[in-house]
Amino acid sequence: MPERNTISWNGLISGYVKNGRLKEAREIFDEMPERNVVAWTTMINGYVIHDKVDLARKLFEVMPEKDDVPWSSMIKVYERKGFELEALSLFRLMQLQGIRPNFPSMISTLSVCGSLATLNHGREVHAQLVRSLFDCDVYVCSVLITMYMKCGDLVNGKRVFDRFTSKDTVMWNSIITGYAQHGLGKEALQVFYDMVSSGVPPDEVTFIGVLSACSYTGRVKEGLQLFESMKSKYLVNPKTEHYSCVVDLLGRAGKLNEAMNLIRDMSVEADACVWGALLGACRIHNRLDMAEVVAKKLLLLEPENTGHYILLSNIYSSQGRWRDVAALRSNMRVQSLSKSPGCSWIEVEKKVHTFTGGDITSHPEHAVILRMVEKLDGLIIEVGYSPDGSFVLHDVEEEEKVHNLRHHSEKLAVAYGILKVPKGMPIRIMKNLRVCGDCHAAIKLIAKVTEREIVLRDANRFHHFKDGSCSCGDYW
């Protein structure tokens with residue numbers, strides 16, 4: 001080729017990147033006499049597409065001049081790949097270096113704020129969207145509603161929803177799903193009926209929201225009626241996700257035989273989500289006979305999913321069948337499977353503090369946190385708390401069980417929140433797994449003795465603790 005300009009170099013790099021030939025793309029990139037922003041961004045995106053996030057970040061770091069595009073690309077990468085803390089950190093750094101956030105970077109960061117429940121950061125991004133005149137966009141409002149709902153701020157989520165007179169399906173779904181996650185079944189159903197009466201047709205996501213809302217609040221009759229009306233009235237064909245919701249609805253209500261019959265009569269093949277909902281119900285109602293049958297199905301469908309082993313192990317341990325617990329754990333070791341540790345986090349002064357169950361010493365303020373945990377333990381024992389050793393999954397002495405329960409990650413996060421979050425403000429906590437029954441009982445009493453509102457979002461739903469009770473009504 002007699003003359004090569006940046007367009008021809010970029011075209012060649014892009015071609016190799018799109019075909020997954022990153023080695024050749026990088027060689028051409030390194031040979032390029034003058035690299036422009038397009039070349040750098042193409043190469044960075046190439047690493048991202050092929051899951052080489054570390055290489056993308058290294059290239060990003062040495063990029064001489066960065067406008068908002070490469071910053072936005074890296075933030076989106078971290079958001080999509082599950083590196084939420086890195087995305088948040090990069091968004092902050094972008095602003096510190098005087099780069100004005102663009103629309104994609106703000107949307108990605110809002111999604112991260114919802115995932116991490118970092119409400120203060122979410123509010124700041126909302127303010128930036130307002131200043132940039134992006135807040136009138138229907139899509140942006142749906143993302144904002146989801147962020148506020150996931151952060152436990154129902155008031156602002158509803159306020160954003162109410163601002164729009166013309167709402168699309170996604171916006172209606174955002175508020176319905178939000179209410180469902182908070183266990184507000186009545187409110188979720190009312191929004192659903194308002195949606196229908198306004199002429200907006202519900203879709204598959206809508207029914208996942210309303211069926212979940214019915215499940216979380218024990219509205220079995222209404223849930224079954226909605227499920228029956230999906231196809232006949234609203235012309236929405238049920239999928240495995242909808243069957244999973246109904247199995248969960250029946251299972252939570254103790255109707256396990258009806259749930260099993262529904263699975264057998266399904267018009268589509270039951271997947272791991274459907275069987276998993278039934279196994280969870282077996283755990284709630286101690287149906288070991290059915291749990292063993294369901295667990296075998298799940299282990300065939302997802303042999304490497306440790307959650308199924310752990311759930312069955314929980315059922316065995318609750319009934320003192322330690323030999324079966326040991327056999328399951330041995331089987332996991334043989335297959336090199338390991339349980340994800342319980343992890344909770346809380347945002348304090350715009351910083352996310354993470355706690356792992358049993359690991360108190362990793363936090364720089366561990367000594368003062370431990371003193372607060374012990375103080376809270378003494379206060380709630382005085383008002384009737386008794387540690388529930390059935391939630392300790394090992395055959396150990398009673399004293400060690402109490403010690404293990406005291407250091408569950410959500411209790412550590414609550415103690416830190418009481419130390420750091422000013423009185424009058426809710427303490428907002430996230431957990432990666434389902435909150436255990438002992439912690440649920442303890443946090444209700446902690447909220448009472450400290451006169452604090454504690455909002456906990458676990459892997460399934462929200463729990464709002466106040467004055468010794470929880471918004472779930474102990475139906476979870």
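Predicted model: local features only at pLDDT ≥ 70, side-chain atom pairs only at ≥ 80, totals over all residues.
Me: What makes Trp9, Asn10, Ile13, Ser14 and Val17 the buried residues of H1?

Reply: Buried means under 20% relative accessible area, and Trp9, Asn10, Ile13, Ser14 and Val17 are the residues of H1 that are buried. Seen down the axis of H1, the buried residues fall within an arc of 130°, and therefore they line one face of the helix. An α-helix has 3.6 residues a turn, so residues three or four places apart point the same way.

Me: Which helices do the buried residues of H1 pack against, and what does the face turned away from them carry?

Reply: The buried residues pack against helix H2 (22-31) and helix H3 (37-49), whereas the face turned away from the buried side carries Ile7 and Lys18, which are exposed, a word that stands for over 50% relative accessible area.

Me: Why is strand S1 called mostly covered?

Reply: With the cut-off for buried set at under 20%, 6 of the 6 residues of S1 (343-348) are buried, so the strand is mostly covered. Cys343, Trp345 and Glu347 point one way, Ser344, Ile346 and Val348 point the other way, and all are buried.

Me: How do you know that S1 pairs with strand S2 and strand S3?

Reply: Two strands pair if there are at least two bridges between them; S1 has 6 bridges to S2 (residues 351-356) and 3 bridges to S3 (residues 427-431), so both pairings meet the cut-off.

Terms used:
Residues numbered from 1 in each chain as written. Heavy atoms only, no water. Buried < 20%, exposed > 50% of the residue type's maximum accessible area, 1.4 Å probe, protein only. Helix = DSSP H or I, 4+ residues; strand = E, 2+ residues; numbered from the N terminus. Arc of directions from axis to C-beta. Contact = heavy atoms within 4.5 Å.
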